[in-house]
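The sequence and model come first.

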Amino acid sequence: MRNVVALLAGLIFSIGLAQSEMINPDRVLGFLDIFGQWDPALAFVLGGAVVVTMLTFRVILKRTHPLLDKEFYLPAKESLDSSLIAGAVLFGIGWGLYGYCPGPALAAIAYLEPNNGLFVLSLLVGTLLARWWVSRHA
Amino acid sequence: MLSFDVVLPALLGGVLIGLSASVLLLFNGRIMGVCGILNQAINFKGGSNLWAWLFLLGLVAGPLASDAFLGTSQPVFEERTLLVTIVAGLLVGFGTSLGSGCTSGHGVCGIGRLSQRSIVSVLVFMLAAMVTVFVFRHMWGA
């Protein structure tokens, strides 16, 4: 049952990406280009999503456990550290270069665009490199 | 600039994304962060991560379903050079893993639960991305 929920959640998420055109990297870059022809769409997408999560998460997290599992799996860390900041800077540079964060890049796989395929492959390599880096410096 | 044509699909899409995050947390107790879920899917240490693969399957199928039944269409995007594609992909993969989250994890879910780490992360990666676009579009004029 948890697997069905996960499948549906992934489906709803990327239908949202398609509806809002955030699956189009040029729309994302249009938002990031504040000194050019600014495209505000991404602000409404993130805003719309956050209004929903702010309302629902507050109620959901009052429960002792989720409907189909014994516990909530929430991030353990609460304080700021250099990995958080350095990671965000590197991610931001990559995002600004290409216009894709992980969600839309993976969602667009089915279009079989060779350039996006190479991006996703590089993203996977980057993920594994970070895992190796963190394990060395832990 | 701010017409209904721009605002409505963006808000609708955003609400769907927020609902999806709510469903995953309410039923499964999981944070809907794509890079976190990707990390669990390619975790070779074992453990039950079938749900992560199914989330990714849904993620890949969604745009096709939307194009077939909901009137959206495949985006046409400008080709990037091989160098830009590879460097950007490496940075996005490395950065989101090191920084424990991306736009969905820190942005949609983290801000939703008012996590200090997530709010700082979103501000930092947005600023870094805007500076990058500024440098490449307006300084190098590429």
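## The largest cavity

The largest cavity holds about 210 Å³ of space, a volume being the space filled by probe spheres set on grid points joined across faces, edges and corners. The model is predicted: local features need pLDDT of at least 70, side-chain atom pairs count only at pLDDT 80 or more, and totals for chains, interfaces and linings use all residues. Residues are numbered from 1 along each chain as written, chains are lettered from A in the order written, and side-chain values use heavy atoms, without hydrogens and water.

A search of the whole structure finds one cavity of 30 Å³ or more. A cavity is a set of points on a 1 Å grid over the protein atoms alone where a 1.4 Å probe fits but cannot get out; lining residues have an atom within 4 Å of a point. Here 18 residues form the lining, and Leu17(A), Met22(A), Val45(A), Cys101(A) and Thr103(B) lie nearest the centre. Helix 3 of chain A gives the most, with four residues (helices are DSSP runs, H or I, of at least four residues, numbered from the N terminus).

## The domain interface

Chain A is divided into domain 1 (1-74) and domain 2 (77-138); the bounds come from an automatic or database assignment. Each of these domains gives at least three residues to the cavity lining.

| Domain 1 to domain 2, chain A | Value |
|---|---|
| Distance between C-alpha centres | 18 Å |
| Buried area (accessible area, 1.4 Å probe, lost on being put together, summed over both) | about 760 Å² |

Ile23(A), Pro25(A) and Leu29(A) supply 50% of the area that domain 1 buries against domain 2.

Note on methods
1 Å grid on protein atoms, 1.4 Å probe; cavity = no way out; pocket = protein on both sides within 12 Å on 5 of 7 lines; lining within 4 Å. Helix = DSSP H or I, 4+ residues; strand = E, 2+ residues; numbered from the N terminus. Buried area = accessible area lost by both parts, 1.4 Å probe.
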